Amino acid sequence: MRAAVDRRHPLASRIISWTAIATLLIGLAVFIPLLVQRISEIEWVAENIGTFVSPINLPGWLNGTLLVAGIFAALERALTIRSHCLIDADTWWLD
(Lines give C-alpha, C1' and ligand atoms only; values in the text may rest on other atoms or scores of the structure.)
Protein backbone atom coordinates (compact mmCIF):
# COMPACT_ATOMS: atom_id res chain seq x y z
CA MET A 1 0.00 0.00 0.00
CA ARG A 2 2.84 2.41 0.83
CA ALA A 3 4.48 1.74 -2.54
CA ALA A 4 1.17 2.46 -4.29
CA VAL A 5 0.94 5.83 -2.56
CA ASP A 6 4.50 6.54 -3.66
CA ARG A 7 3.67 5.72 -7.28
CA ARG A 8 0.39 7.66 -7.41
CA HIS A 9 1.34 10.67 -5.29
CA PRO A 10 5.12 11.10 -5.21
CA LEU A 11 5.03 14.57 -3.63
CA ALA A 12 2.70 13.48 -0.84
CA SER A 13 4.90 10.43 -0.32
CA ARG A 14 7.99 12.62 0.05
CA ILE A 15 6.20 14.87 2.52
CA ILE A 16 5.11 11.85 4.57
CA SER A 17 8.66 10.47 4.49
CA TRP A 18 10.29 13.72 5.60
CA THR A 19 7.68 14.17 8.32
CA ALA A 20 8.41 10.66 9.58
CA ILE A 21 12.15 11.32 9.57
CA ALA A 22 11.70 14.61 11.45
CA THR A 23 9.43 12.90 13.98
CA LEU A 24 11.98 10.16 14.61
CA LEU A 25 14.84 12.63 15.01
CA ILE A 26 12.83 14.81 17.38
CA GLY A 27 11.86 11.71 19.32
CA LEU A 28 15.52 10.72 19.66
CA ALA A 29 16.47 14.23 20.77
CA VAL A 30 13.81 14.14 23.48
CA PHE A 31 13.95 10.55 24.68
CA ILE A 32 17.71 9.98 24.83
CA PRO A 33 18.25 12.59 27.60
CA LEU A 34 15.21 11.20 29.44
CA LEU A 35 16.62 7.68 29.18
CA VAL A 36 20.02 8.82 30.46
CA GLN A 37 18.26 10.55 33.37
CA ARG A 38 16.33 7.37 34.24
CA ILE A 39 19.51 5.27 34.08
CA SER A 40 21.36 7.76 36.28
CA GLU A 41 18.63 7.38 38.92
CA ILE A 42 19.65 3.74 39.50
CA GLU A 43 21.31 3.64 42.92
CA TRP A 44 24.60 2.08 41.79
CA VAL A 45 24.94 4.46 38.84
CA ALA A 46 24.10 7.50 40.98
CA GLU A 47 26.70 6.52 43.59
CA ASN A 48 29.53 5.64 41.22
CA ILE A 49 28.97 7.87 38.20
CA GLY A 50 26.58 10.58 39.31
CA THR A 51 23.18 11.76 38.29
CA PHE A 52 21.99 13.54 35.18
CA VAL A 53 19.03 15.87 34.96
CA SER A 54 17.48 16.08 31.51
CA PRO A 55 17.27 19.64 30.19
CA ILE A 56 14.07 18.67 28.37
CA ASN A 57 10.96 18.45 30.54
CA LEU A 58 7.80 17.95 28.52
CA PRO A 59 4.34 17.34 29.95
CA GLY A 60 3.22 13.73 30.07
CA TRP A 61 0.60 14.14 27.34
CA LEU A 62 3.25 15.54 24.97
CA ASN A 63 5.67 12.71 25.74
CA GLY A 64 2.89 10.20 25.04
CA THR A 65 1.93 11.94 21.81
CA LEU A 66 5.55 11.98 20.68
CA LEU A 67 5.87 8.28 21.52
CA VAL A 68 2.79 7.36 19.47
CA ALA A 69 3.93 9.60 16.59
CA GLY A 70 7.34 7.91 16.74
CA ILE A 71 5.73 4.48 16.51
CA PHE A 72 3.77 5.54 13.44
CA ALA A 73 6.87 7.17 11.93
CA ALA A 74 8.90 4.00 12.47
CA LEU A 75 6.12 1.96 10.88
CA GLU A 76 6.07 4.32 7.91
CA ARG A 77 9.84 4.01 7.49
CA ALA A 78 9.57 0.22 7.69
CA LEU A 79 6.87 0.14 5.02
CA THR A 80 8.74 2.47 2.68
CA ILE A 81 10.96 0.78 0.14
CA ARG A 82 13.37 3.72 -0.01
CA SER A 83 15.93 4.24 2.69
CA HIS A 84 17.31 7.39 4.28
CA CYS A 85 20.92 7.66 5.39
CA LEU A 86 20.15 9.43 8.69
CA ILE A 87 17.51 6.99 9.90
CA ASP A 88 17.95 3.63 8.24
CA ALA A 89 20.73 1.15 8.90
CA ASP A 90 22.96 2.35 6.06
CA THR A 91 26.56 2.96 6.97
CA TRP A 92 26.83 6.14 4.94
CA TRP A 93 29.58 7.52 7.17
CA LEU A 94 31.81 4.52 6.39
CA ASP A 95 31.61 4.89 2.60
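This is a short tour of the structure, one selection at a time.

**Whole chain.** Start with everything shown. The model is predicted. Colour by secondary structure: there are 4 helices and 0 strands, giving the pattern α-α-α-α along the sequence. Of its 95 residues, 25% count as buried.

**Helix H4.** Select residues 60-79. How far apart are the end C-alpha atoms of H4? They are 29 Å apart. With 20 residues at 1.5 Å a residue, the helix should span 28 Å, so the model agrees with expectation.

Next, pick out the buried residues of H4: Asn63, Leu66, Gly70, Ala73, Glu76 and Arg77. Look down the axis of H4. These buried residues fall within an arc of 140 degrees, so they line one face of the helix.

What does the buried face pack against? Show helix H1 (2-8) and helix H2 (10-40); the buried residues of H4 pack against both. Then turn to the other side of H4. Gly60, Trp61, Ile71, Phe72, Ala78 and Leu79 are exposed there.

**Salt bridges.** The structure holds 2 salt bridges. Select Arg77 and Glu76: they form a salt bridge, with the closest N and O atoms 3.8 Å apart. Are these two residues buried or exposed? Both Arg77 and Glu76 are buried.

Now move to Arg38 and Glu41. They also form a salt bridge, and here the closest N and O atoms are 3.6 Å apart. Arg38 is exposed, with a relative accessible area of 59%. Glu41 counts as partly exposed, at 46% relative accessibility.

**Nonpolar surface patch.** Last stop. Select Leu25, Leu28, Ile32, Val36 and Phe52, and keep the surface on. Together they form a nonpolar patch with about 400 Å² of accessible area. Click on Val36, which lies in helix H2. Is Val36 buried, partly exposed or exposed? Its relative accessibility is 37%, so Val36 counts as partly exposed.

Methods: Residues numbered from 1 in each chain as written. Predicted model: local features only at pLDDT ≥ 70, side-chain atom pairs only at ≥ 80, totals over all residues. Heavy atoms only, no water. Helix = DSSP H or I, 4+ residues; strand = E, 2+ residues; numbered from the N terminus. Expected span 1.5 Å × (residues − 1). Buried < 20%, exposed > 50% of the residue type's maximum accessible area, 1.4 Å probe, protein only. Arc of directions from axis to C-beta. Contact = heavy atoms within 4.5 Å. Patch = residues over 30% accessible without salt bridge, like charges linked within 9 Å, V, L, I, M, F, W, Y side chains within 5 Å. Areas by Shrake-Rupley, 256 points an atom, 1.4 Å probe, with all protein chains shown as cover. Salt bridge = Lys/Arg side-chain N within 4 Å of Asp/Glu carboxyl O.
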